[in-house]
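Please keep the sequence and the model at hand while reading.

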Amino acid sequence: MQTIGVGIIGFGFMGKAHTYGHLNMPLFYNNLPFQTKLVGVCDPVLSLAQDAKARVGFEFATDDYKALLAREDIDAVHICTPNALHVPILIDAVNAGKHVYVDKPLAVSAQQADEACKALEGKDVIHQMAFHNRFFPASMRARQLIADGALGDILTFRAAYFTAGGANPTGAMGWRQRSALSGGGAIQDLGSHAIDLLLWLCGLKAERLISETFTPNPVRQDENGNPVQATEDHSNMILRLENGATGTVEASRLRTGFDDMTRIEIHGTKGAIVLDLTENDYLQFYDNTLPDSPMGGLKGFTSIYAAQRFDAPGGSFPNAKQSIGWLRAHAHCVYSFYNSIYTHTPATPSVFDGARIQHILDTAYRSAEAHTWLNIE
């Protein structure tokens, strides 16, 4: 059995989420021809890395990611740092011959994302973005229905990702509120997920957009009580796809009452889907080709039960009857990356996909400044 050595760079919340996938892979997937080994963990706060080593079982801990990249027993690295560090670490990693798994968004600018793509030219490494919302069974079933033509021609859509993290004017100042580290606010953090999931489901490219932003509390206090300029908390966007379909994308950290909500609605000539990842056991599908009658016939949204219906080798534990959770999609995203390493086939969503999303995010910020429609380069 092939053993793939793993290094985790950044052991905050997302580093733990990625590590969860490795710890559970032997349980979630039967008869794998490969296994992963948690070799090294890196965090700029050395005590956090040392604690991860002690609790999780990494072989070594460091506060220098280059020490991790120098290890011959590490084949792949997870980049779970603040956004501004993704591309510099990625470039060093691919130059060291490591496969790379990068948290979203890829970069803090389209220019930086292009630098990542250039660094991958001619490199024999597998690379993947952690757009984990693609990896819920309900999401994959929605993609299958649309690809099979169940919706007909896509006409319009609504994509939204809501949290309430920015609603409190005296809320904590994290790195996501600091542009130098995050590259932006709601558009970067939430919009990247919503746009990627929408375009992947539709199987279409984005062509043009117009956007606006809103920041009710543009100045917040840092940990020392000093005033700091904060990133935007809300964005509305109208997006036009290559087939002419037009809809909205909303990314908001101001939605009091929503801790974390992603919802995609897609409407076509033959049907519609509603994907609400707060109720991710189900996909809502409307079949507009069913016969009508004065009393409504059989038309109406149908709940398709998806839960944990993964293709083999997944899906037996937990079985399809159990409710699915947020971490399970992360685990399947991680599995897909390592299966691509084992089979030496391109992973998806790739860093190139991440760069395309980054160009859309950059266009959204430029549109908000110019107050006009812009083509996506």
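The points below go from the basis of the values to the salt bridges and then to a loop residue.

The structure is a predicted model, in which local features need pLDDT of at least 70 and side-chain atom pairs count only at pLDDT 80 or more, while totals for chains, interfaces and linings use all residues. Residues are numbered from 1 along each chain as its sequence is written, and side-chain values use heavy atoms, with hydrogens and water left out.

**Salt bridges: count and network**

- Side chains of opposite charge can pair when their charged atoms come close.
- The model holds 16 salt bridges, a salt bridge being a side-chain nitrogen of Lys or Arg within 4 Å of a carboxyl oxygen of Asp or Glu.
- A network of salt bridges links Lys37, Glu59, Arg71 and Asp73.

- Asp51 and Arg55 form a salt bridge whose closest N and O atoms are 2.7 Å apart.
- Both residues belong to helix 2 (residues 46-56) and sit 4 residues apart, about one turn of the helix; helices (H or I, at least four residues) and strands (E, at least two) are DSSP runs, numbered from the N terminus.
- Asp51 is partly exposed, at 33% relative accessible area, whereas Arg55 is exposed, at 55% (buried means under 20% relative accessible area, exposed over 50%, partly exposed in between; 1.4 Å probe, protein chains only).

**A pair between two strands**

- Glu265 is joined to Arg158 by a salt bridge, with the closest N and O atoms 3.8 Å apart.
- Glu265 is in strand 13 (residues 261-268) and Arg158 is in strand 7 (residues 154-162), so this pair ties together parts that are 107 residues apart in sequence.
- Glu265 is buried, with a relative accessible area of 16%, while Arg158 is partly exposed at 31%.

**The Arg255 and Glu250 pair**

- In the salt bridge between Arg255 and Glu250, the closest N and O atoms are 2.5 Å apart.
- Arg255 is partly exposed, at 29% relative accessibility, and Glu250 is buried, with a relative accessible area of 11%.

**Asn83 in its loop**

- Asn83 lies in the loop between strand 4 (76-79) and helix 4 (86-95).
- Asn83 counts as buried because its relative accessibility is 5%.
- Leaving aside neighbours within four places in sequence, Asn83 is in contact with Lys104, Pro105, Leu106, Ala107, Val108, Gln112, Trp175, Leu181, Ser182 and Gln188, where contact means heavy atoms within 4.5 Å.
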